[in-house]
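Biologist: Hi! Could you walk me through this model while we both have it open? I have a handful of quick questions.

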Amino acid sequence: MADIKNFLYAWCGKKKLTPAYDIRAAGNKNRQKFMCEVRVDGHNYIGMGNSTNKKDAQTNAARDFVNYLVRIGEMSAAEVPSLG
């Protein structure tokens with residue numbers, strides 16, 4: 001399975017763009033969650049993701065942004081790597 005974050009980086013690379021990830025911790029120390037936002041220049045959409053660890057939060061945000069790109073017709077759903 002291709003990693004969705006690598007897929008987004010590759011797509012952005014073709015367009016000479018770089019995805020910008022912003023991660024914040026939420027919740028208390030015992031039940032910490034991470035909120036992640038991903039932005040790409042030229043798009044006013046913010047991909048959102050959250051999880052109990054930073055890596056999964058980034059992956060969820062990347063998947064949200066890729067789903068947005070499919071919705072607006074920037075790429076076809078067939079190009080997108082499926083969930084593991």
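**Around the tryptophan**

Modeller: Happy to. Leaving out residues up to four places away in sequence, Trp 11 touches His 43, Leu 69, Glu 74 and Met 75. Keep in mind that this is a predicted model.

Biologist: Where is Trp 11 placed?

Modeller: Trp 11 sits in helix α1.

Biologist: And is Trp 11 buried or exposed?

Modeller: Trp 11 counts as buried, because its relative accessibility is 7%, and the cut-off for buried is under 20%.

Biologist: Let's go to the helices. At what angle do α1 and α2 cross?

Modeller: Helix α1 covers residues 4–14 and helix α2 covers residues 54–71; their axes come within 8 Å and cross at roughly 50 degrees. That angle is why α1 is oblique to α2.

Biologist: Is that crossing of α1 and α2 left-handed or right-handed?

Modeller: The crossing is left-handed.

Biologist: Which residues make the contact?

Modeller: From α1 you have Ile 4, Lys 5, Phe 7, Leu 8 and Trp 11. On the α2 side, the contact is made by Gln 58, Thr 59, Ala 62, Arg 63, Phe 65, Val 66 and Leu 69.

Biologist: How does the contact of α1 with α2 split by class?

Modeller: Eight of the residues are nonpolar, two are polar and two are charged.

Biologist: Switching to the strands. What is the order in the sheet?

Modeller: The order is β1-β2-β3, in an open sheet of three strands with antiparallel pairing. The edge strands are β1 and β3, each pairing on one side only. From one strand to the next, the twist averages 20 degrees.

Biologist: Which strands does α2 touch?

Modeller: Helix α2 packs on the sheet and touches β1, β2 and β3. The direction of α2 makes about 150 degrees with that of β3.

Biologist: How many bridges join β1 to β2?

Modeller: Seven bridges join β1, residues 20–26, to β2, and the two run antiparallel. Two of the pairings are handy for orientation: Ile 23 stands opposite Cys 36 in β2, and Ala 26 stands opposite Lys 33 in β2.

Biologist: What about the hairpin of β1 and β2, how many residues are between the strands?

Modeller: There are six residues between them, and in that hairpin Gly 27 takes a positive phi near 85 degrees.

Biologist: Which residue other than glycine has a positive phi near 60 degrees?

Modeller: Lys 16 has that value. Lys 16 lies in the loop between α1 and β1, and counts as exposed because its relative accessible area is 75%, where exposed means over 50%.

Biologist: Back to the sheet. Over how many bridges do β2 and β3 pair?

Modeller: Strand β2, residues 33–39, pairs with β3 in the antiparallel sense over five bridges. Met 35 is opposite Asn 50 in β3, and the bridge partner of Phe 34 in β3 is Ser 51.

Biologist: Along β3, which side chains point to the buried face?

Modeller: The side chains alternate along residues 47–51: Gly 47, Gly 49 and Ser 51 point to one face and are buried.

Biologist: What does Ser 51 touch?

Modeller: Not counting residues up to four places away in sequence, Ser 51 touches Lys 33, Phe 34, Asp 56, Ala 57 and Asn 60. Ser 51 counts as buried because its relative accessibility is 13%.

Biologist: Great, thanks for the tour!

Key
Residues are numbered from 1 along each chain as its sequence is written. This is a predicted model: local features need pLDDT of at least 70, side-chain atom pairs count only at pLDDT 80 or more; totals for chains, interfaces and linings use all residues. Side-chain values use heavy atoms; hydrogens and water are left out. Axes are lines fitted to C-alpha atoms, for helices over the stretch in contact, and angles run from 0 to 180 degrees between N-to-C directions. Helices (H or I, at least four residues) and strands (E, at least two) are DSSP runs, numbered from the N terminus. Angles under 35 degrees count as roughly parallel, over 145 as roughly antiparallel, 65 to 115 as roughly perpendicular and the rest as oblique. A crossing is left-handed if the near helix is turned anticlockwise from the far one by less than a right angle, and right-handed if clockwise. Contact means heavy atoms within 4.5 Å. Ala, Val, Leu, Ile, Met, Phe, Trp, Tyr, Cys and Pro count as nonpolar, Asp, Glu, Lys and Arg as charged, and the others, Gly among them, as polar. Buried means under 20% relative accessible area, exposed over 50%, partly exposed in between (1.4 Å probe, protein chains only). Two strands pair if DSSP finds at least two bridges between them.
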